[in-house]
Amino acid sequence: MFISTLSEYINANAPMSNIPALLGLHHGNPLGLHPIAIPILLLVLAVAMRIMYRYISKTDRRSLYPLLYGLWWFAVAATYYYCFSGDLPLYTDEDLGRQEVCVGWFCQRQVVGVGWSLLGVALLSFTVYTMFSILLHVIAHQSDRMGLQEKHWREWNWIIAVMLLGASAAGIADDLAPILGIWIMIAYHLVVFIMVIVKLVVDTRRTHLFHRCLFSAFCFLVVFEAVTMLAIECIEGYIYLFIPIVGLFISADARYRKRQRPAA
């Protein structure tokens with residue numbers, strides 16, 4: 001019954017990243033923010049997190065972790081607020097022949113023009129890359145505190161690679177056959193979710209610290225969904241430009257300095 005209803009919705013609407021519309025959870029922007037305000041805020045937060053991330057990595061100033069965590073969660077919350085706003089600019093979906101709320105309006109040629117849309121894609125790429133980098137750094141920090149080896153926290157890179165390659169495949173398919181694009185998106189969502197559950201179970205068996213492992217898995221899923229909503233529709237108009245950048249995203253790595261432990 002659910003699959004049938006979902007299939008009917010997909011055939012009627014061909015949604016790519018409009019998860020808020022799929023869930024019926026759009027809000028009317030109660031803070032009254034201009035549509036460009038949060039994208040600019042996310043860019044500023046990305047720059048601030050990148051500077052702090054470099055500083056912590058080079059100087060091992062662990063006292064700055066609470067501030068880094070705070071900025072990161074603020075950026076994630078702002079992303080959700082933005083993506084669920086119902087008063088974002090509209091664009092005409094040529095496949096459906098109607099206007100829709102556009103999360104990635106600042107990357108759409110028909111909304112802001114070619115020059116601004118290219119700049120939007122570039123700045124969005126930096127923002128998404130930074131959010132993934134900080135995610136890896138947060139997970140690395142938590143894993144180190146649990147006593148996991150470096151190779152164990154780097155296993156999250158494989159899950160991010162699946163997410164980004166799935167998003168690229170869905171974007172390309174959406175450009176050619178919108179219905180296929182949404183089914184690919186659903187498929188890679190399921191694969192990522194299963195991989196996170198497996199990672200949670202494996203790390204729990206390694207450390208016997210279920211709650212900390214659950215926190216890492218929760219962080220990943222929350223950021224994964226936020227970035228999916230923010231990025232995939234934004235790159236729809238420039239998917240072939242975005243593909244080379246995916247390689248950069250996949251190589252995003254947490255340059256994490258392990259804490260020094262006293263010798264036995």
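**A salt-bridge network and its helical surroundings**

K199 and D203 both belong to helix α9, where four residues, about one turn of the helix, separate them. Helices here are DSSP runs of H or I with at least four residues, strands are runs of E with at least two, and both are numbered from the N terminus. The model is a predicted one, in which local features need pLDDT of at least 70 and side-chain atom pairs count only at pLDDT 80 or more, while totals for chains, interfaces and linings use all residues. Residues are numbered from 1 along each chain as its sequence is written, and side-chain values use heavy atoms, with hydrogens and water left out.

Side chains of opposite charge can pair when their charged atoms come close. K199 forms a salt bridge with D203, and their closest N and O atoms are 3.2 Å apart; the term denotes a side-chain nitrogen of Lys or Arg within 4 Å of a carboxyl oxygen of Asp or Glu. Both K199 and D203 are buried, a word that stands for under 20% relative accessible area, with exposed for over 50% and partly exposed for values in between (1.4 Å probe, protein chains only).

Which other residue meets the side chain of K199 in a salt bridge? The partner is E155, at 2.6 Å from N to O. E155 lies in the loop between α7 (150-153) and α8, and K199 in helix α9, so this pair ties together parts that are 44 residues apart in sequence. R206 also meets E155 in a salt bridge, at 3.0 Å from N to O. Because R206 lies in helix α9 and E155 in the loop between α7 and α8, this pair joins parts that are 51 residues apart in sequence. R206 is partly exposed, at 33% relative accessibility. Together, E155, K199, D203 and R206 are linked in a network of salt bridges. A search of the whole structure finds four salt bridges.

Helix α9 (residues 178-207) also holds V202. V202 is one of the residues that make a nonpolar surface patch of about 490 Å², together with F193, I194, I197, V198 and V201. Such a patch is made of residues with over 30% relative accessible area and no salt bridge; nonpolar side chains (Val, Leu, Ile, Met, Phe, Trp, Tyr) are joined within 5 Å, and like charges within 9 Å. Accessible areas come from the Shrake-Rupley method with a 1.4 Å probe, and for residues only the protein chains shown count as cover.

H208 lies in the loop between α9 and α10 (210-231). The phi angle of H208 is near 60 degrees, a positive value in a residue other than glycine. H208 is exposed, with a relative accessible area of 67%.

Helix α10 packs against helix α6 (residues 114-145) at an angle of about 175 degrees, with their axes 10 Å apart. Axes are lines fitted to C-alpha atoms, for helices over the stretch in contact, and angles run from 0 to 180 degrees between N-to-C directions. The two helices α6 and α10 are therefore roughly antiparallel to each other, as angles over 145 degrees count as roughly antiparallel. Leaving aside residues up to four places away in sequence, S216 touches I139, Q142, M146 and W156, where contact means heavy atoms within 4.5 Å.

Definitions and conventions
Parallel < 35°, antiparallel > 145°, perpendicular 65-115°, else oblique.
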